[in-house]
Amino acid sequence: PGGCPALCECSEPAKTVKCVNRNLTAVPPDLPPYVRSLFITGNPLAELPTGAFPAQRLPDLASLNLSGNHLRTVEAGSLALPALRQLDLSGNALLSFSPQAFGEGGSPLEELALRGALRDHGVLLSLAALLQSGALRNLSRLELADNGLLLLPAGMFTALPALRQLDLSNNSLVGLRNVSFQGLGQLQSLNLSENSLGVLWNSTLAQFRSLPALRHIVLGHNTWVCDCAIEDLVAWLKESDQVEGKEALTCASPDKMLGKALLKINGSELNCSVPTDLPSQLQTSYVFLGIVLALIGAIFLLVLYLNRKGIKKWMHNIRDACRDHMEGYHYRYEINADPRLTNLSSNSDV
């Protein structure tokens, strides 16, 4: 007890253990109990099994850096540490992340870094389930940059009341319509730079306005589409002091607006001849068409009702004409069927 693993460097005064680039395939089982800051990075470490960091043996471990390994699996209970405040899993290609990784009773974790670790969509869903479970209610900083994310699961951040910093930069986010920031009353910084955002809709802007502590929003290097739909975003940028470097935000399309600063856009420059919300326009058209068809049907039924006597007489005339016609056919059939009547008909003709 109190010793140092063979492939690690330990400093008892600093309460630190470093196992960096040591070709470790498993967490050393003989970590000293005094450790508060542990670095296990740059190793071919493939998984964190249950009990990888025994809580009884490591009661004071507060900062854990596992970045740059080859982690694929994080099992349930593998990170159930009573004093853990900071965790860095960046640079790992995670394939499985148990929603119970921090144990059943929740975790005191305050900072979680997952830069470049969520390339698999299943892992993203597992993380969303973990965050929504309330197990990380003390989390104040969450880093999800460099993960190639296109869309975020709905309600992913709703159970993080203490969150202050959220980094979503350098992804491929195309929209935030399904993302709810409600409940993030402590959020101070939101980084959305280097994504594929073309517009921010009114619902998202309203959420930004409703967050009292949010004072730093980064929106640089996005693919802003400067058509009629961007009017609300431009108006919000002009009145808001939440966006850092908003003077540098420029249009990416259409070609005639390429490079133009968003803050310098006037309504007359935008092409608003095409409806911006086409699905709702189509829905309105379908409703209108249904009303017109129903009206035509009602008028047709009304005309039939008002002319019911004439229609009845017309139907009777058609019936009588058909009956006379059929009687003529029947008479001819009887003549052709009886030879005597045929001869009589022939003599009569002569």
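Arg141 has a relative accessibility of 28% and therefore counts as partly exposed; that term covers values between buried, under 20% relative accessible area, and exposed, over 50%, with a 1.4 Å probe and protein chains only. The side chain of Arg141 meets that of Glu143 in a salt bridge, at 3.0 Å from N to O. By salt bridge I mean a side-chain nitrogen of Lys or Arg within 4 Å of a carboxyl oxygen of Asp or Glu. Glu143, at 8% relative accessibility, is buried.

Before I continue, a word on the basis. The model is predicted, with local features needing pLDDT of at least 70 and side-chain atom pairs counting only at pLDDT 80 or more, while totals for chains, interfaces and linings use all residues. Residues are numbered from 1 along each chain as its sequence is written, and side-chain values use heavy atoms, leaving out hydrogens and water.

I turn now to another pair. Arg22 forms a salt bridge with Glu9, with 3.4 Å between the closest N and O atoms. Arg22 sits in the loop between strand 2 (16-20) and strand 3 (37-41) and Glu9 in strand 1 (residues 9-11), so the pair ties together parts 13 residues apart in sequence. Strands here are DSSP runs of E, at least two residues, numbered from the N terminus. The count by this rule comes to seven salt bridges.

Key
Helix = DSSP H or I, 4+ residues; strand = E, 2+ residues; numbered from the N terminus.
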